[in-house]
Structure formats: C-alpha cells, structure tokens
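Q: Hi! Could you walk me through this structure?
A: Happy to, here goes.

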Amino acid sequence: MHESLLARHPRLRLIDGATPVQRLHRVEAALGTMLRGARLFVKRDDLMSLGGGGSKLRKLEFVIGDAVAQGADTLVAAGPCQSNSARLTAAAAARSGLDCELVLTGLTPGDSADYRRNGNVLLNRLFGARVHEAADAVLARSLAQERCKALTATGRRPFMIPPGASSAVAALGYAACAFEIAGQETVLRRRFDRVIIANGSSGSHAGLVAGFAALGRAPSSITGFSVFSPVDEARSATLEHARAALRLLGCADAIDDDDVVVHGQQRGEGYGRITAQGVAAMRFMAAREGLLLDPVYSAKAFAGLLALARQGEFRPGENILFVMTGGSPALFAYRDQLDDLAGFNPSGAGIQKARPDLSLQGVSSREQS
Ligand SMILES: *Cc1c(COP(=O)(O)O)cnc(C)c1O
C-alpha cells in the first residue's frame, strides 16, 4: 500500500524483486546467552543480480530514474577508487545503455597494488566505464564537473551522481526497502524490533528512517554505525536526507532529532581503514554462516551489532534485522591488510597473531575457548 507513495517518482528498475530475509541460526548458537533470547536475521541486500549487487542499486534506481527523466545520456560519478557506488553506477549504466565516466581517487588506505587495481577498480573497467584519476576528493569533484561541462559542449547530456549516491531522491530507494521489510514481516509473521545498518554517506539509513516514519513506526528502531563521518555529522546528514525524503513521499514531517540513532564506536581511523573488530566480525560471519561482509561498511556495522549483544542490549523475544549491504568485491582490494590482520599470510608469519585477535574481539565465549 505504501508503495504507491513512490509511484510519482521516476524509477529505473535495477533489482529483480524483494531481497531475502534469512535467520542467522549458527551465529545465534555461537552467541548463546549473550543474545538474551533475541533472534538475528539478515536482509540480503548483497544478493542482487546486477553488477555484483549491493545497497547502492536501491538508491540508484531513483537517482538514475531521475537522470533518465531529465534526458541524461551519460552518468558521471566521483569517489574513492574502491567505491561500490561508482562500480554499481558503471554496471547500471551498462544495463541501461547510458555512458559512464568515473573520477576516482586513491583516498584510503594506501598503496597496495590490490587496492589500486583489484576489486571494484577491476570491475569498473569490465563494465566499460571511462575512468579518470584524481589526487584527492576535492580535485575529483572538480574534474567530474569539468567532464560534465566538456560533455555538454559536445552535445551530450551528462548527469552527476551525488557522492555515495546519497540524496533525498536516493533515500527513496531505502524507503522502498522499509516498505519491502514491512511486507516481509507480514509473510514471516514477525516484526523486526531493530534494524541495524552501516551509515556511510547516510542515504540508506535516511531512507529507512523516512520509510519507517511513513509507515507510522518509530524510526529510532533503526541503528546506524557510522563508517565515514564523525558521528554528529553522520547524524545530521541522515536527518536532513530523511526529512527531505519524507517530503518527497508527500508525508508530514514526523521525524524528531532523536529519531536518528547513529553510533560512532566502529568507525576506527575512518573511511576505508579496516579495524580489528570489523575483521573479526567478518571472519565470524563467514565461518559461521558462509556469508560475506565487506571490510569498509558491513563488517564494521556487524561488529557494532556484536558489541550491542556483548553489552547486553538485546531483549528476550526481540527480532533483530541486520542489513547486509554488499560490497564484497572490495575484499579483494584489501588482501594485504587482511593477510596481516587476520593472519592469513601463507608464510605463516601472521598465523600466531590470528587467535589473539579473535579472543580480543570476544565475539563469544565459545570463540575464546
Ligand atoms: C555505500 C555503502 C553503505 C552505506 O550506505 P550509505 O547510503 O552511503 O550510508 C553500506 N554498505 C555498503 C556495502 C556500501 O557500499
């Protein structure tokens, strides 16, 4: 029913249907009494057929829908070289017959050959995007603007994708996700008391907040873990996009400042810098469930979920939904650092370090024994 609120916004379909909700039985078993009888579920937004999938496709459905409605023929995006947003912009452009130009920076976390060439960087080339390089984020933005001018001068119709594909329009994609979750709750006959998601450029969290507000549900049941901005900035960006998205849905503003819950403890040294907790969470999920988190976003958010469990935050009977946002191609960009932190180095040098890292994480009592 709430789907109709989205009907007047141009949308380019990039996702095949609802993404599955699955229960994390083995993670639950490993966490045991720490969960206090709460149940854990994942929303598989990593499971989409286009371009390796991921949360950006939800936002791009509305961003590119808008671009096409405005007559665009070329998508231009700037971002860090391992940007999932850039990769999925390139894939969506390929699917919809648009040209794509990307302006990418090395940004973080340094210089390994895999970070510069593997993962999303490799995929951008396969999707046929024209890739430019820039020294930093500011130069990347201005080069992207120059490319737009140059394209316009030759009669093309460029459209600039916002940073991280986040904007009020983009947030509609995650408002749609909130409606999808509500529909799945009816089928599953359970209600999700908390939703946990990574907060990067804030559009996804904002969209869920707007969607929950439109449904008349408490947006404070969504918890974001910031992986990019300091927590206050992430909170205000989320609030701003959420309010603007709610206006686009034609709903009265029903969002209070404290409705946006963002935690900052998992950010570590900042965007793209992996943390020991994130890597431990990634290994835990992979080894218990065979599911892939990404090092930049979802691993840190899942580490946040595990920290909440350890702090005894969950309540008996609560249903907790973790949004798996995708991004696993970036794993291959982090080979060196994962080798070091997780102790996968085949020389054996890192193997000694591996176990202390896991127990330090204290993921579960069983994990430590
Ligand atoms: C971009 C991204 C996020 C965060 O979404 P925002 O809307 O930027 O906050 C989370 N996970 C993955 C894998 C992403 O690529």
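A: Let's begin at the ligand: one of its oxygen atoms is 2.7 Å from a polar side-chain atom of K56. That is a polar contact, meaning a pair of N or O atoms within 3.5 Å. This is a predicted model, where local features need pLDDT of at least 70 and side-chain atom pairs count only at 80 or more, while totals for chains, interfaces and linings use all residues. Residues are numbered from 1 along each chain as its sequence is written, and side-chain values use heavy atoms, leaving out hydrogens and water.

Q: Nice. How far is the polar side-chain atom of N84 from an oxygen atom of the ligand?
A: The N84 atom lies 2.8 Å away from that oxygen. With G203, a polar backbone atom is 3.3 Å from a ligand oxygen.

Q: And how much of the ligand does the protein bury?
A: The protein buries 99% of the 380 Å² that the ligand exposes taken alone (accessible areas by the Shrake-Rupley method, 1.4 Å probe).

Q: How many residues surround the ligand?
A: There are 17, and the closest include K56 and T325 (near means a heavy atom within 4 Å). By type, 12 are polar, three charged and two nonpolar.

Key:
Polar contact = N/O pair within 3.5 Å; in protein donor to acceptor, adjacent residues only side chain to side chain. Nonpolar A, V, L, I, M, F, W, Y, C, P; charged D, E, K, R; others polar.
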